[in-house]
Amino acid sequence: DCDVAPDYSDMAIYNRLALDKGIALSPPPGYPLFLRTIYKIAGRENYTAVFIVQALLSTLTVWLIFLTARHVSGTKTALVAAGISALYPNFIMYNLTTMTETPALMITMLMLLVIVSARPEKKRSLLSAAVLFAGCVVRPAFLYFWPGVLAVQKRKRIFLIATAAVVVPLATIGLVTGKGTNRGALALYKTYNPKADGRTWFDLKETEIGTRDLPSSVYLRESADFIINNKWKTVDILYVKFSTIFSRGWDSFILRPLTNKSRFLNNLLLYAYIPVMILGFIGMIRFRDERNRMIMIPALSYLLFFVLLAIFKVRYRLLAEPVLIIFTSITIGHICRFQEYKDSSDEPSAT
C-alpha cells in the first residue's frame, strides 16, 4: 500500500540508472541492473513489482537469519531471531524503496550463513569471498566486512588469494581504461573535511575541492591533511559517528514519505532498534563463544570501518542489525532458559 515514486535521494539515482542504457560503474551496477530486470519483465517504472520482489527477498532473508542462528545457537533461538526479523519495521519499510538495503541484507545473511555452515574450510574461504564481492557489486560498503571475514577464516591464505583474484583484475581494468572509480577516496574526503560532521549529508560543491571527478590521490591527500591539522575536530567527527551505533533513530528523510506521517509508524521506526541494540550487545559481551563469534566479528568489522572511513548515517548500520537480532535471541534464550546447541558434546561455554 505504497504510492510513493522514488524521485528523491539515492532512490532517484538508482532508478535513473535502471532506466538509462548502458552500465554505470559508480554507484556499482548491481542494483540498477536488478531494477532494470524487473522493469523489463513487469513494465517500465512498475514500482509495485519492485516492492513485491523485494518483499520476497526480505522473506528469504528471514529464512537465512533462521538458518544462521540455528547454526550458532540452536533451533529455538533461531525461531526467536526469525520472529523478530519478520516483524522488524526497518527491514519491512526498505522494501518499499528503490534502494540497495533489501538485496544487501539478503547478501549479508548469505555471507554469514556460508561462514558458519560451509565445510570444508577451503570451501568456506572460497564461498565467503565470492559472496562478499557479490555484495560489493550491489553496495561498496561490503568491503567493510572484509577484515572481519578474514579474521574468522581458518584458511586465510585461500581467502586472500580468492580476494586478489577479484580485486587485481578490476584494478587493472580501471588503470588501463581510465574508468576506475574514486568512490572509496571520495567517501573518505566527504568524512574528513571542514564541512563534515560524520553523519550529515552535504553537497560536495560546498567543500574546498568542490567536485567528485578528481583522482583518488587528491581526495586522500586532502583527507590526510585535514586529519593532521584538525585533530579535535576529527575526534568529534568520530564520536558523532560512533554514537550512531548506540542511538535510536531512523532515516526519516527516506522513510517518512512512506509512513504518511503516521505517528505510530514513525515511533515504531524510531524505537524498534533500541531493544535489539541493548540485548544484542549484552549477548555479544555475555554469551559470545566459538560459534557465534564467527558472525559477531564481521558485523563489528563493518561497524568499525564505517565509523573510521565514511559518513555513517542511521540506515547504514542496517547490515549489522541481523547479527544484533541473532544475539538478542541468544540473550532471550538464556533468560528464558531454552538456549540449546545442536551437539552438546562440544557445547561452548559462555564467556
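Okay, let's start with F264, which sits in helix α14, residues 263-271. Helices here are DSSP runs of H or I, at least four residues, numbered from the N terminus. F264 is exposed, at a relative accessible area of 59%. On that scale, buried means under 20% relative accessible area, exposed is over 50%, and partly exposed is in between, with a 1.4 Å probe and protein chains only.

Before I go on: this is a predicted model, where local features need pLDDT of at least 70, side-chain atom pairs count only at pLDDT 80 or more, and totals for chains, interfaces and linings use all residues. Residues are numbered from 1 along each chain as its sequence is written, and side-chain values use heavy atoms, with hydrogens and water left out.

So how confident was the predictor? pLDDT is its confidence in each residue, from 0 to 100. The chain averages 87, and 91% of the residues score at least 70. Over residues 342-351, though, the pLDDT is below 50, and that stretch has 18 contacts in the model beyond near neighbours in sequence. A contact is heavy atoms within 4.5 Å. Where pLDDT is low, the predicted coordinates should not be read in detail.

Back to F264. Together with L265 and L268, F264 forms a nonpolar patch on the surface, with about 280 Å² of accessible area between them. Patch residues have over 30% relative accessible area and no salt bridge; nonpolar side chains (Val, Leu, Ile, Met, Phe, Trp, Tyr) are joined within 5 Å, like charges within 9 Å. The areas come from the Shrake-Rupley method with a 1.4 Å probe, and for residues only the protein chains shown count as cover.

Next, helix α13, residues 252-259. Which of its residues are buried? They are I254, L255, L258 and T259. These residues cover an arc of only 115° around the axis, so they are on the same side of α13. That arc is taken from the directions from the helix axis to the C-beta atoms. What covers them includes α1 (9-19), α5 (89-93) and α14, the helix we began with. After α13 comes N260, with a positive phi near 55°.

Now take A162, in helix α9, residues 156-177. A162 counts as buried, at 16% relative accessibility. Leaving out residues up to four places away in sequence, A162 touches L126 and A129. S125 is 37 residues from A162 in sequence, yet the two are 7.9 Å apart in space, C-alpha to C-alpha.

Last topic: salt bridges. The rule is a side-chain nitrogen of Lys or Arg within 4 Å of a carboxyl oxygen of Asp or Glu, and by it the count comes to 9.

One of them pairs R124 with E121, at 3.0 Å from N to O. These two are 3 residues apart in helix α7 (residues 121-138), so about one helical turn separates them.

Another links R315 to D251, with the closest N and O atoms 2.7 Å apart. Why does this pair tie together parts that are 64 residues apart in sequence? Because R315 lies in the loop between α16 (293-309) and α17 (321-336), while D251 is in the loop between α12 (231-245) and α13. R315 and D251 are buried too.

Then there's E321 with R317, where the closest N and O atoms are 3.3 Å apart. E321 is buried, at a relative accessible area of 2%, and R317 is also buried, at 2%. Finally, salt bridges with shared partners join D10, E101, R139, D251 and R315 into one network.

Key:
pLDDT = per-residue confidence, 0-100.
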